[in-house]
Amino acid sequence: MDNNNISVKVDRVSKTFGEFTAVRELSLSVRAGRIFGLLGPNGAGKTTSIRMIVNITAPDTGTIEVFGQKIDSQLQDRIGYLPEERGLYKRMKVGDQLKFFGELKNVSGKDAEGRIDHWLSRLKIPEWKNKKAMELSKGMQQKVQFIAAILHEPDLLILDEPFSGLDPVNVELLEKVVLELKLSGKTIIFSTHQMEVAERICDDICLINRSQKVFEGSLREIKSSFGRNSVALRFEGGNGVLADTSLVSKVDRHSDETEVLLAPNASAQVLLRRLVDSGATIEKFEMIEPSLNDIFIAKVTENS
Amino acid sequence: MIKFLAIVKREYVQRVKARMFIVMTVLGPVMLVVFTIVPGLLFSLKTGGDTRLAIVDQTAGGALFEPIRNSILQLQVYDDKNLGERIESQVNSNTTRRIENASQAFSAGFSIERVDPTGKSIDSVKQGLNARIGRDELDGYLLIPPDILTNNDSKPAYYGRNGGDMVTTGQIQRRLDNAIRRQRLLASGVKESEIETLSKQVNLQTFPINEKGEEGAQDSGLARFMVVFMIAFLIYLTVLLYGQVVLGAVVEEKETRIAEILFSSVHSFKLMFGKLIGVSLVALTQLAIWGVVFMAISVWGIAALSSRGVQGITVPSLPPMFFLYFTLFFLLGYFLYSTIYLLIGSMVTTTQEGGQMAMPVVFLLMAGLYMAFTVIRSPNSHFAFWVSMIPFFSPITMIVRIVSQTPPMWQILLSLGIGALTVVLLLWLASRIYRIGMLMYGKKATIPEVMRWVRQQ
């Protein structure tokens, strides 16, 4: 990877609050024009890491470079940030509010006006421009906050749990916008603990747990490194088979099918034979990649 | 600069547009009138009819009854000049005098009856009157001792139901005093016509001399004191009205969870400074509106009074330079106290918490006012010098010194400089505490924690 393609470079960064170490020796590189998933359980240090990247707090040790420069207040204008802790001025009209957030990023009111209209209609809430924020539903407020983060057309967009609390229709709408932004060359850091979302849109991921990095790489890499050791099943009868821990290490029963993770050294062939022998009727038997969720849980438990 | 202006603009526009601001701007002057005039009126208003008073005159032949009665009933009529004096004194006097004067103007009536004690023991007369008071046929009676004209220590007495009606007893006291002194003078041979001229009050005229040894125009010092009081009151009022607003402005982003978005765009010092300026402009807007209204009313009022022949209402006249000082020290005072509210706002998570913490600020302000009384008596003492250098007292104490005995320019500038530096320091401190405190997941900060944050890099 050559340096021109790196938007954010975090190098051996640590941050402590009193006795508590929030981030320990974290290094990561975010490639330009890609969606980078910053994943980890609650309290892993994601938000603290992001705050250091946006220059809200300074690291105790280590360095952070954004677009090849040490982060400073000038660079802040090229970053769009949607924090997990977010709100709006309750008594301010949506349009005025967005204009204000734009001005805070050095966008003049005149430029902002057109963009506000464009994004409000893109996110299907144009009629709310002159309404006060307190009249909006939570989901609509979230869309307004999202617009506030992208209004100044940042080169780097940082989204912390952007979809939490949204209905599936709006999740899809925002996902589409995020993917479009990526295609137009923006770099996106996406922090979440919702693995399904990360799996759908991230190109690269970094997993942190207990203040430290557990894994970093492309989604492809991590998936293939885990191999195809999961099986998706749809069958009837033969229930005792899945209880054998020498064969299966984990069983997830969904409503219409069952996903099993094979035990180390067990083979799918043996599982299939055992099921047939026990008289089960098998409708579906498919080797699949592990889900990011499974990888996440495996890594986190292994790490703890 | 766009960022800073955006913050100032938002704070200003949002507040000036708010319904609360408009309501307060209109209600402010109304409330001022209500709170200064209405209590006096209420106090002077005596509901229920005349005070029924009996006079028991024990002097020989009851000769004092007539003069006392006339005095209490105020049978001598005021001439026009007198009326003018009374209104003038009403405009320029302090509250207690004003209440008394107002009460005179709205004088409650008396109805007076004569009780002749001849031939009865004084105890039986008193018993009879006490019983009548008990039956509510009488409100009170005056007992005039027989030797009142000859013995200076002889004391008349008042017996009545309502001893708490200070206005009435005060009136009786003053009018009785008048009548008896007059009678004593007459008894000692002073001619009726001379009494008025001989008992006229002596007025002391005061003339200020400045540091160059020049004599100024006659000036009782009252005007100067009034000006000091006005400045103190103005600071007090603005801080009281707008301290909470500043606090609210700082807490707003914490309560609405916007702080983090702001910090990803703007430095906290700029944010704090912008908020302070924005809210201050709101305060100045409101004060300016009130000021214009007040001026208009005053000009109209003085014109109205003088057209009715009322003379001598003094508008405090001061050198123009003083107005510059007032403006500077008023602004300094306002900013000093506002930044304290800013600091408190940076430490707490809700306005309610902040309100509790802000209580002592008012005491600080009061302390400055009390020191002003000491300073005005010796404006060039060491004490006066030092308290006019301490930031939180200087806006009031330095103004006192300037109007009473203008100190050297370097002292004025030093005082302003120290004050301004304190404002910047507090602003810096507040922005620091705000930024670090916000990252601590919105919990209320303890003082040791705050100290640690300040030191933290």
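Among contacts in chain A between residues at least 6 apart in sequence, 69% join residues at least 24 apart, a contact being two residues whose C-beta atoms, placed from the backbone, lie within 7 Å. This is a predicted model, in which local features need pLDDT of at least 70, side-chain atom pairs count only at pLDDT 80 or more, and totals for chains, interfaces and linings use all residues. Residues are numbered from 1 along each chain as its sequence is written, while chains are lettered from A and ligands numbered from 1 in the order in which they are written.

Chain A has 10 helices and 14 strands, which are DSSP runs numbered from the N terminus (helices H or I, at least four residues; strands E, at least two). Of the 304 residues in chain A, 36% are buried, that is, with 20 or more other C-beta atoms within 10 Å of their own.

Where chain B touches chain A, the contact takes 17 residues from chain B and 25 residues from chain A. Helix 1 of chain B gives the largest share of the chain B side, 5 residues.

Within chain B, helix 3 and helix 7 pack against each other as tabulated here.

| Helix of chain B | Residues | Contact residues |
|---|---|---|
| Helix 3 | 65-72 | B:Pro67, B:Ile68, B:Ser71, B:Ile72 |
| Helix 7 | 166-187 | B:Ile172, B:Arg175, B:Leu176, B:Asn178, B:Ala179, B:Arg182, B:Gln183 |

Their axes, lines fitted to C-alpha atoms over the stretch in contact, lie 8 Å apart at an angle of about 140 degrees, on a scale from 0 to 180 degrees between N-to-C directions. Helix 3 and helix 7 of chain B are therefore oblique to each other, since angles under 35 degrees count as roughly parallel, over 145 as roughly antiparallel, 65 to 115 as roughly perpendicular and the rest as oblique.

Note on methods:
A residue is buried if 20 or more other C-beta atoms lie within 10 Å of its own, exposed if 12 or fewer, and partly exposed in between; C-beta atoms are placed from the backbone.
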